[in-house]
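Please read this briefing alongside the sequence and the 3D structure.

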Amino acid sequence: MRKKKEYKNEAGWLRIYSGAVTVLLCFVVVLYGGTSFHESDFTDGYTQFETPGQLSSKNSSQNNGNKIDKKFSQLYKKLRKKQKDTFIVENGGESIRIRISNEKLFKENETTLKKGAISILDSILVELKTNKNIIGKIVISGHTMQKDPDLPNEAVTDRMLSAERAAKISAYIQQKEIVEPSSILSVGCGQFFPITTIKTELEKNDRLEITIEKVISK
């Protein structure tokens with residue numbers, strides 16, 4: 001008889017417990033029944049973010065690109081102020097090209113640098129070093145001139161001279177640690193990319209060009 005009484009008491013407590021849970025659930029439904037939740041209620045606070053706490057990559061990339069453009073433009077202006085009669089600076093938008101006469105850098109038909117060549121190069125490279133974070137690549141191209149329009153330069157000598165001159169300047173720039181060595185390219189173009197065909201100005205073709213490419217913003 002005692003066991004049956006215990007079972008009765010146990011069943012009574014279960015009924016009371018389940019009833020209390022039911023009442024509590026009803027109370028919650030009544031309290032929040034008039035409120036509707038939408039996805040926008042949770043996302044409106046993050047409309048300027050891709051994910052909570054993370055800036056939109058599109059906006060971030062655009063802002064970074066604008067800063068790089070501004071600094072690159074300033075670099076061009078600084079180089080222009082220095083050009084005088086030693087070199088010419090041209091703005092290509094995404095790149096800056098510096099043109100230097102071989103006569104100012106090298107001994108005639110040689111790859112040996114003249115005494116004043118280093119000071120010319122350093123006046124350029126000091127600006128590149130200061131702005132190295134906006135520079136992606138540096139391309140150095142060596143060029144020669146064809147003195148006689150009817151007689152092309154000797155192929156091997158022409159190519160080797162322009163290539164070795166470009167390589168020499170590339171190595172010097174590499175030592176300045178402006179960009180990674182893999183971002184420096186030297187090219188020997190020989191006589192094949194003249195900037196003028198006017199007979200009285202052919203010496204302008206005998207040049208070395210340094211092209212600075214703007215870094216690509218991510």
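The points below go from the whole chain to single residues.

This is a predicted model, in which local features need pLDDT of at least 70, side-chain atom pairs count only at pLDDT 80 or more, and totals for chains, interfaces and linings use all residues. Residues are numbered from 1 along each chain as its sequence is written, and side-chain values use heavy atoms, with hydrogens and water left out. The protein has six helices and seven strands; helices (H or I, at least four residues) and strands (E, at least two) are DSSP runs, numbered from the N terminus.

**Overall make-up**

- Along the sequence, the elements follow the pattern α-α-β-β-α-β-β-α-α-β-α-β-β.
- The protein has 218 residues, of which 29% count as buried (buried is under 20% relative accessible area, exposed over 50%, partly exposed in between, with a 1.4 Å probe and protein chains only).
- The accessible surface is about 15300 Å², and carbon and sulfur atoms hold 56% of it (Shrake-Rupley method, 1.4 Å probe; for residues, only the protein chains shown count as cover).
- Of the contacts between residues at least 6 apart in sequence, 71% join residues at least 24 apart (a contact means heavy atoms within 4.5 Å).

- Five strands form an open sheet in the order 3-4-7-5-6, with mixed pairing (two strands pair if DSSP finds at least two bridges between them).
- Strand 3 and strand 6 are at the edges with a single partner strand each, so one side of each has no neighbour in the sheet.
- From one strand to the next, the twist averages 20 degrees (axes are lines fitted to C-alpha atoms, for helices over the stretch in contact, and angles run from 0 to 180 degrees between N-to-C directions).
- Strand 3 (residues 87-91) pairs with strand 4 (residues 95-101) in the antiparallel sense over five bridges, and Asn-91 has Ile-96 in strand 4 as its bridge partner.
- Three residues separate strand 3 from strand 4 in a hairpin, and Gly-93 in the turn has a positive phi of about 85 degrees.
- Strand 5 (residues 135-143) and strand 6 (residues 184-190) run parallel and are joined by six bridges, with His-143 opposite Gly-190 in strand 6.
- Strand 5 and strand 7 pair in the antiparallel sense over seven bridges, and Ser-141 has Glu-209 in strand 7 as its bridge partner.

**Helices on the sheet**

- Helix 5 (residues 117-130) packs on the sheet and touches strand 3, strand 4, strand 5 and strand 7; its direction makes about 170 degrees with that of strand 4.
- Helix 6 also packs on the sheet, touching strand 5, strand 6 and strand 7, and its direction makes about 160 degrees with that of strand 6.
- Strand 5, helix 6 (residues 155-175) and strand 6 make a right-handed β-α-β unit (right-handed if, with the strands pointing away from the viewer, the path from the first strand over the helix to the second runs clockwise).

**Two residues**

- Glu-209 lies in strand 7 (residues 207-214) and counts as buried because its relative accessibility is 5%.
- The side chains of Glu-209 and Arg-99 make a polar contact at 3.2 Å (a pair of N or O atoms within 3.5 Å; within protein, one must be able to donate a hydrogen and the other to accept it, and residues adjacent in sequence count only if both atoms are side-chain atoms).
- Leaving aside neighbours within four places in sequence, the contacts of Glu-209 include Arg-97, Val-139, His-143 and Ile-195.
- Lys-107 is in the loop between helix 4 (102-105) and helix 5, and counts as partly exposed because its relative accessibility is 42%.
- With neighbours within four places in sequence left aside, Lys-107 is in contact with Thr-112, Lys-114 and Arg-165.
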